[in-house]
Structure formats: C-alpha cells, structure tokens
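Trainee: I would like to learn how to read a model of two chains, one feature at a time. Please give me the general idea before each case.

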Amino acid sequence: MARSSGSLPRYLVTRLLLVIPMVWILLTVVFILMRVAPGDPVQASLGGRAPQAVIEKQRHELGFDKSIVAQYGDYFNGIFHGDFGTSTSSNRTVTDVVAHEGAATLELAVAAMIFALVLGLGIGVLIGRYRDTPLDVFGRLFGVLTYAAPVFWIGILFQLLFVAKLHWLPSSGQADTLVNIHLQGEAHTNIYLVDAVISGDWGGLRNVLVHLILPGLTLGLLVCGVFIRLVRVNVIQTLKHDYIEAARARGIPEHRVVLRHAFRNALVPVVTVIGLQAALLLSGAVLTETTFNWPGIGQALIRYLNNRDYVMVQGIVTVFALIVVSVSLVIDVVTALIDPRVRYS
Amino acid sequence: MTTTPELHHVRPDTVMSVRDLRIWYGTARGAVRAVDGVSFDIRRGETLGLVGESGCGKSTLGRGVLGLLPDAAKVAGHVLFEGEDLVGMSRRRLRSLRGPQLGLIFQEPMTRLNPLMRVSQHFLETLRTHQPELSKEQMRRRAIDTLGAMGIPPTRFTNYPHEFSGGMRQRIMIALALVLNPAFVVADEPTTALDVLVEAQILTILADVKRNFDTSILLITHNLGIIAEACERVAVMYAGRIAELGDARAVFARPAHPYTRELLASTISLSTTSLHYIPGAPPDLIAPPSGCRFHPRCPDAMTVCPQRHPPVVTTELNQDVACWLHGPDDQIPPGGSAPLEREAIGVADEA
C-alpha cells in the first residue's frame, strides 16, 4: 500500500529536525561548563607569571574580554563556520587535532566496535538459545567481568600475555616508526588503515592491523559485555513469541528459527544500544589510548586538560558531543529501516 | 479398552489414529496431567470438533498430536500418522512432516506472523524449506494462488503483517498452513479472537479447504455453535479425557454423557431466558478427582462413579461414551447404581 512508501521520508525529516534543539542544548552545556570551571585559561597558558599587559593582550586576542553573551555568540558563529577554536598552548586548531588524532581514535573505535559486535552478538545469541546451561553461566560471567574490569587493567594483562610472554603482538603505538613516517607522508585521510590501502602499502597495512588488535580488543571487551547481556535477554524474550512457535509449526529448521526469526528481531533494541555505546566507546578510548600509547584524541584531550588549554578541551568535547548526536541519528534511521513498525509510531 | 495400536480396529480411510495419549507437565506442585489417556481416529476429509471448557487440555492435545509441545512436557502413548508414530519420532523427521503433512492454525492471528518479515517472505521461507526444488517464480505463484483462495489479493503479497487486519491475518495464517497442502491440520480456536462476520468467513474457508483438498481437520473450540456448523464428529473433553465422542448431530440431539448435556444446556442463544451453568469448577489437573473426573459436578452421579473410572462404551447411536450410566452393568459393583450422597462423603472425608 501507499502508506509504506510515504512514511519513511516523513520520519527522517522529523528525526533530522529534532537534531537542531539537541545540538543547541549540547553546545550550550559545553559552553557553560567551560566558563564555570575554575581557573583562568589565559593565566594558565602563559604560565601565570606573564606581565599584566601581556595577559590583557592575550585575553583580548582570544575574546575573553568580551561579555559572556558575546562570547556565546562568537562560539556559535565559529562552530557554524567550522572553526572550533585554536589552542592556547600550541598553535594547532581544534580542526587540525580532530583530523589527525581523531582519525587514530576512529580507527581504534571502529576496531573496538567490530570486536564488541562479533563477540557480544555471537556469545549473546548462543547463551540466549542455550539459557540456564553451564555455557550460559560462563557467558554471563564473561559479560559481567569484561564490563566491570577497568580498561587499563585488561590492557596491561593483554600486554603481559601477548607481548611480554608470547611475543605475538606489539605492545603499543599505532604502527612501527618507519611505517608511521611513511604513512604520515601518504596522508590522504589520516586514517592509517585507509591510507595504507590507498598507497598500496600492504606491509604497512599488516603492521597497522597487528598494532590495532590489542587496543581494539581491550576497548571492544568493555563494550561487548553490554551487548552479551542485552542480546541474551532479547533472544530469550523473542524465542517466547507466538511467531516463533508458528515458524516451528511450519517445520522451519531450528537454526533458522533462532537466527532469522529470534536473533534478527532481538537485534532491533540492540541497534539502539549500539548508539548509546558510542559514548562509552569515546570515554573508554581515553583510557585505552593512554594504556597503549595510542596517538588518538583521547590522549590529546588528557594532554590539553593538563595544560589547562580550555579552548582545545572545549573544542574536543564539542566534537565528542557532535559525534554522539550524529551516531544516535544514524542509529534511529537504521532502526526505522530494520523495523517497519517504527516508521508509523 | 485396548491401549496397543496393533489390536485396535482402524478404518482404512483413517489419517490419524491417537491411542492412549498422555501428556503431562512437571511443576513444583506435581505433574499436571493435561491429557490423560485419550484415543480417537480422524478420517480423511473429516472435521473432528474438540470441545471443552478452558483448561481441559484441548490445546495441549492439539499441540501434542503435532509433536509441538514445550520441552518441559512429557508424552506417552501413540499418535499414528500414515503408518508412523509421531510420539518418539526424531525431531528431524517430525520437522520435515510439519508443513507438508501436518499443519497448525492458531488462535490469535495478530502475533503469529514475524513483524519484521513481509508476508511474501513467510511463504517463500516455508516453501524453500520443504520444496527446495521449486523455482522462485513457482514458489511465488503457489503462494499467491493460495492467498488468493483465501481472498488476499496479489497486490498485498509483499506487505508487512501490521498492514493487515486481524481477519486478514488469520486468512494469511491459514494460507501459510495450507500452502503445502498438508493431510492433517489442527485449528486451535481459529476464530476466538475474531468478530462473528470474520468467523463465518474463516469457517467457510475451512469447509472449502476440506472439500477441495480432502484435508482432515481437528477443530478445537469452546463454541458449540461452531462445532454444529463445521464438524462431522465431535469429541467432548473434560479434565484431560474424552467424555463423549460421536456424530456431531447425534451428540447434540441426544447427548449420552451428563457433561455434554450440561454443556449444551449452558449454551446461550436468543431463546435463552435464564442462564444455566454447571456448578463447581473444572478440576485441578494435578490432583484430579478419583474415578470419573466429572462426578463432583455431575447431577446423575452414582456411588460407583468416584470409585472406578468408567470404561468407554459404544451406545446404540454409535456414540463412544465414558459414563457409568451407560454401563457396562456387569462392571458396576453391587449397589453401585445408587445415587451418590455427596454430604455423607464430605463429612466422612473430614472426619
């Protein structure tokens, strides 16, 4: 019927319009937080011993001498033009940091998400199907432990086992030094994996992949615990549905009943949670990057926090917020595509 | 009565022969004997009605004959279908029979279709499972033809379940159960969730199916009107057992079992002036009454009734009935035909 074709675009437009107030509120909160935080960014960046004239000059250049309303206007004006500010402790712009360090974090986050999804969905559907068996108990325990264990602790254990004892994998960094230099020269996207493929550097690609395993797995484990529990509960719930019995009554093979009917339907709420996990992934990335000396935006954030570089911190937090908003938008669209009923409600 | 299938006389046109079927569920309080020694035959192209109060084991029996019970259920007895016993059959073999040979039509059509799958996908999945040799176009044709016979136009083939009304979904479910033309179908209260006009439609469809494909149907319902309209024979179930089984018209005209009589008297129609009901409640299936399960509620109970379970006897009207009123007289102990004094028993029990 015509209903099904007309509703998806309308749903998307409504959903997109909702982004505007969401982003506005987020940016305002970030702005206010940075203003109420103690300490003076100008004093901090100049080391606290600069003459008053220099401080005033710097303050004027950064626009801190304007009224709070005017600063608020400048902040939004800048973001609107893609200018998130320039560091007070170095000469780099926020955009530049996001492009370079952010690319490294993106690589790590995507790898972690892949690990989390493969492990989380796989284990979740398995123990949901075989609930209350020893397998189920083990799987649930695994989920709780990986979620509860500190990221840096898991990271250090991995380094001990796979690096120090087994010598299978590199301990830290995004690539070996030579590969690093080569790929930075080939900077097309700043994402090493992509750059290596574009420049046809297969040895480099392999090197980057090997470096990605431990940090990706460490961060992925943190997120996969949530998936395991969620998928398990959803699979158990879905297996009780009437259409599952109906499918069995038609002689549909059990593996198909579980995967096609129960698992797929159980995934709908999981997709929503993947969106929420983006936030966990970013905060986890800060710790993972520090543990594995990964040159990502999380490590950059800590560095700039230590330097009291408020402009940079504000810029990075703004970018984080925008990422979370975009991911949740994408997730809602994906949910609407998977579940025809969402488009109508 | 015979319990071994070999000894029992089976008519050649019998599609399914159920012998001494017992199904029970384990619970914390003890075993729930939902089906307790049920035997009946279904002939080719026949609709057998299965009627009884809620909780008497109708649905369990319907699922049991298809081997579709939850893992917690235990089954004993025989369900002979085309020479094979479905009880104790391998899951794999049973699965291959469901669809092409055995079908199930459900009570609530609203929730029986996967909300994320198009109607077309439901049909293609079923056909691909059982007849992988068909081409995709042949499968499509077949599905659309079956749906067409149920009054669902081809333009709706790729719609999602939520785009259909309850009556349409039930017709889709019926089409889905019949697309492989099974020999035997259980219809578990197929019209309970639908309004009367849709109910009439569905019953017409079931009658057409029976006529055109010679399908045997076990029609489970608590509605005696539906039985009268759609069934050749009827089995009246009480507390996990069949109280009476026979030609539907004969049973309705001259019910042999007091329970059937009371059930018929409780039916509400336009000429009803006062409500009749059977006193008491359906028995607890964990600890059912001794002897005849109906005796605590039976107006005609005799002293033999709580002592011994009545065997099945065939009346001169060819109705199979399990009630001491119909004998066999030689098995009733001396004085057993005296009316049951309920008060006396109640006091004696408490003493």
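Predicted model: local features only at pLDDT ≥ 70, side-chain atom pairs only at ≥ 80, totals over all residues.

Mentor: Residues are numbered from 1 along each chain as its sequence is written, and chains are lettered from A and ligands numbered from 1 in the order in which they are written.

Trainee: How many helices and strands are there in chain A?

Mentor: Helices (H or I, at least four residues) and strands (E, at least two) are DSSP runs, numbered from the N terminus. Chain A has 14 helices and 0 strands. Its C-alpha trace spans about 85 × 60 × 40 Å along the principal axes.

Trainee: What share of the residues of chain A count as buried?

Mentor: A residue is buried if 20 or more other C-beta atoms lie within 10 Å of its own, exposed if 12 or fewer, and partly exposed in between; the C-beta atoms are placed from the backbone. Of the 345 residues of chain A, 37% count as buried. For contacts, the rule is that two C-beta atoms, placed from the backbone, lie within 7 Å. Among contacts in chain A between residues at least 6 apart in sequence, 74% join residues at least 24 apart.

Trainee: What does helix α12 of chain A span between its end C-alpha atoms?

Mentor: The expected span of a helix is 1.5 Å times one less than its number of residues. Helix α12 of chain A (residues 254-291) has 38 residues; a straight helix would span 56 Å, but this one spans only 44 Å. For a bend, take the angle between axes fitted to the seven residues ending at a position and the seven starting there. In α12(A) a kink of about 40 degrees lies at A:V268, shortly before the proline A:P269. After the helix comes A:N293, with a positive phi near 50 degrees.

Trainee: Where is A:Q174, and is it buried or exposed?

Mentor: A:Q174 sits in the loop between α7 (151-165) and α8 (177-185) of chain A. It counts as buried because it has 25 C-beta neighbours inside 10 Å. Leaving aside neighbours within four places in sequence, its contacts include A:A104, A:Y192, A:H211 and A:W294. A:Q174 and A:N207 are 33 residues apart in sequence and 8.8 Å apart in space, C-alpha to C-alpha.

Trainee: And how does B:S290 count?

Mentor: B:S290 lies in the loop between α9 and β11 of chain B. With 13 C-beta neighbours inside 10 Å, B:S290 counts as partly exposed. B:S290 and B:P306 are 16 residues apart in sequence and 5.3 Å apart in space, C-alpha to C-alpha.

Trainee: What is the order of the strands in the open sheet of 8 strands?

Mentor: Strands of a sheet pair through backbone hydrogen bonds, either parallel or antiparallel. Two strands pair if DSSP finds at least two bridges between them. The order in chain B is β6-β7-β8-β3-β9-β10-β12-β11, with mixed pairing. At the edges stand β6 (102-105) and β11 (313-314) of chain B, each with a single partner strand, so one side of each has no neighbour in the sheet.

Trainee: Which strands pair with β9 of chain B?

Mentor: Strand β3 (residues 47-51) of chain B runs parallel to β9(B), joined by 4 bridges, and β10(B) runs antiparallel to β9(B), with 6 bridges. B:V236 in β9(B) is the bridge partner of B:V51, and B:E244 in β10(B) is the bridge partner of B:V236. The hairpin of β9(B) and β10(B) has 2 residues between the strands, and B:A239 takes a positive phi near 50 degrees there. 6 of the 6 residues of β9(B) are buried, so this strand is largely enclosed by the rest of the structure.

Trainee: What is the pairing in the open sheet of 4 strands?

Mentor: The pairing is antiparallel, in the order β2-β1-β4-β5 (chain B). Strand β1 (residues 14-27) of chain B pairs with β2(B) over 11 bridges.

Trainee: How many residues does each chain bring to the contact?

Mentor: Chain B brings 24 residues and chain A brings 18 residues. On the side of chain B that touches chain A, α3(B) gives the most, with 4 residues.
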